[in-house]
Amino acid sequence: MSNAFEVNFDGLVGPTHNYSGLSYGNVASTGNQNAASNPKLAALQGLAKMKALHDMGFKQGVLAPHERPDVASLRRLGFGGTDAQVVERAAKEAPAILAAASSASCMWTANAATVSPSGDTADGRVHFTPANLNNKFHRSIEHPTTRRILQAMFADESRFAVHEALPAQMHFGDEGAANHTRFCHEYDGAGVEFFVFGAAAFDSRYPAPARFPARQTLEASQAIARLHGLKEEGVVYAQQDPATIDAGVFHNDVISVGNRNVLFHHEKSFLHQAEVLAELDRKLAAVGGKFISIEVPQAEVSVEEAVKSYLFNSQLLSRADGKMIIVVPEECRNIERVWTYLQKLVNSGGPIAEVRVFDLKQSMQNGGGPACLRLRVALSEREIAAVNPKVMMNDALFGTLNAWVNKHYRDRIAPADLGDPQLLLECRTALDELTGILGLGSVYPFQLV
């Protein structure tokens, strides 16, 4: 019996959660631009999902949000004065830049980092590389704080290695675990790490999308494999179908999701899809696994329906009996063809035997579903014991965090509210308290002064 688990660390939604439509290529994000958001409800919805999965027996942790607005970034762009004056001046002179510096996008922790478990790495440690998120300014400012938070959570350097982000340049554009999946027989055994990229920066033989940007490069994925000490026989690289990116599939986790030996994916996920699946099958067999592909035909669920419902931005979780649960957003139930397909899937006798639906509307309206909200980390029992225990979900932490959200969060933020200096003070007050709750120490810029 394996003594390892996949632990999901969900991002706690930040106090400045808002709809500024910053993510070009993410149809849901741009489609809800300028709507009023409800940060309190967003955070409570996320916590409810974490607690529900914990109560179902899955190991669940919490990743803290970032300080926003990011005053340091605004100062680097020429806004001066006191912190309050920096915010007020940015609101007056460059509201779009202030919106970017106020984004709560770190809540989608699938983009926080790429993680390789100890069973795959040359030195037998769990490796983390924070994503540089170079394609979008509002996300490119995240990785320094992300690294400090990860170091506070995974502090034992004999078991964990937290790298610096890749060079912040388009040739090494890295979007984290949203474009990475690991297949295995057991979580603590050797596996096959699956890196999906949108384009190659140095090799013109690879096609590129025409409408929307390819955020992940082949070169970034290769660099992470080297940093993590992965063996060539334990790695598969695949390119997203450029036409699928242009349909709004900005990350691979919008068109496929994997767990253990199962890949649940769309017919239009990858270029040369048959060859990709064959390589995964061959390499997983070499480490004792039996690869299973569940391919959804375009005729049953179109790419457009997949994007609208976020069918594939779901979580696949292994039950104690070996069968899997698929966790999907409410939007899947609201689209008839998607819901019909899910009923067919769970009744098929295949590995996915149960569907669970969660209301994540506040996140979904900004372009992130269940998979976006979590960073998966395969850990042995000893490695779990070395994780900062205060970030692990339990009944007491759930109650404490709900009370913390209700105390500090607003229930409405419109674009104009981002220029309120009081919002910065509220955010810092909340985060200062949160670092104590989660035992993180000083990880935020305002705490490091």
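A residue counts as exposed when its relative accessible area is over 50%, and as buried when that area is under 20%. The legends below describe close-up views of a predicted model.

View 1. His272 is found in the loop that joins strand E10 (262-266) to helix H10 (273-286). The C-alpha atoms of His272 and Ala238 lie 8.4 Å apart in space, although 34 residues separate the two in sequence.

**View 2. Asp10, a buried residue of strand E1.** Strand E1 covers residues 4-11 and includes Asp10. With a relative accessible area of 1%, Asp10 is buried. Leaving aside residues up to four places away in sequence, Asp10 touches Lys49, Met50, Gln60, Gly61, Val62, Leu63, Thr109, Leu373 and Arg374.

View 3. Gly229, which follows H8, has a positive phi near 70°.

**View 4. The packing of helices H16 and H17.** Helix H16 (residues 395-408) packs with helix H17 (residues 421-438) at an angle of about 170°, and their axes are 11 Å apart. The two helices are therefore roughly antiparallel to each other. On the H16 side, the contact involves Leu397, Thr400, Leu401, Trp404, Lys407 and His408. The H17 side contributes Thr429, Ala430, Leu431, Glu433, Leu434, Ile437 and Leu438. Grouped by class, the residues of this contact are 8 nonpolar, 3 polar and 2 charged.

**View 5. The crossing of helices H4 and H17.** Helix H4 (residues 83-93) packs with H17 at an angle of about 130°, with the axes 8 Å apart. This angle makes H4 oblique to H17, and the crossing is right-handed. Asp83, Ala84, Val87 and Glu88 of H4 meet Pro421, Leu424 and Arg428 of H17. The contact comprises 4 nonpolar and 3 charged residues, with no polar ones.

**View 6. The buried face of helix H4.** Val86, Val87 and Ala90 are the buried residues of H4. When the helix is seen down its axis, they fall within an arc of 95°, so they line one face of H4. An α-helix has 3.6 residues a turn, so residues three or four places apart point the same way. The buried residues of H4 pack against helix H3 (71-76), helix H5 (95-101) and H17.

**View 7. A cis peptide bond at Pro69.** The peptide bond from Arg68 to Pro69 is cis, and its omega is near 0°. Pro69 belongs to the loop between strand E2 (60-63) and H3.

**View 8. Leu133 and Tyr310, two residues with positive phi.** Leu133 is not a glycine, yet its phi is positive at about 50°. Leu133 is placed in the loop between E4 and helix H6 (137-140), and at 1% relative accessibility it counts as buried. Tyr310, likewise a residue other than glycine, has a positive phi near 60°. The loop that holds Tyr310 runs between helix H11 (303-309) and strand E12 (315-318). Tyr310 counts as buried, at 3% relative accessibility.

Terms used: Residues numbered from 1 in each chain as written. Predicted model: local features only at pLDDT ≥ 70, side-chain atom pairs only at ≥ 80, totals over all residues. Heavy atoms only, no water. Axes fitted to C-alpha atoms, helices over the stretch in contact; angles between N-to-C directions. Helix = DSSP H or I, 4+ residues; strand = E, 2+ residues; numbered from the N terminus. Parallel < 35°, antiparallel > 145°, perpendicular 65-115°, else oblique. Contact = heavy atoms within 4.5 Å. Nonpolar A, V, L, I, M, F, W, Y, C, P; charged D, E, K, R; others polar. Left-handed = near helix turned anticlockwise from the far one by under 90°. Buried < 20%, exposed > 50% of the residue type's maximum accessible area, 1.4 Å probe, protein only. Arc of directions from axis to C-beta.
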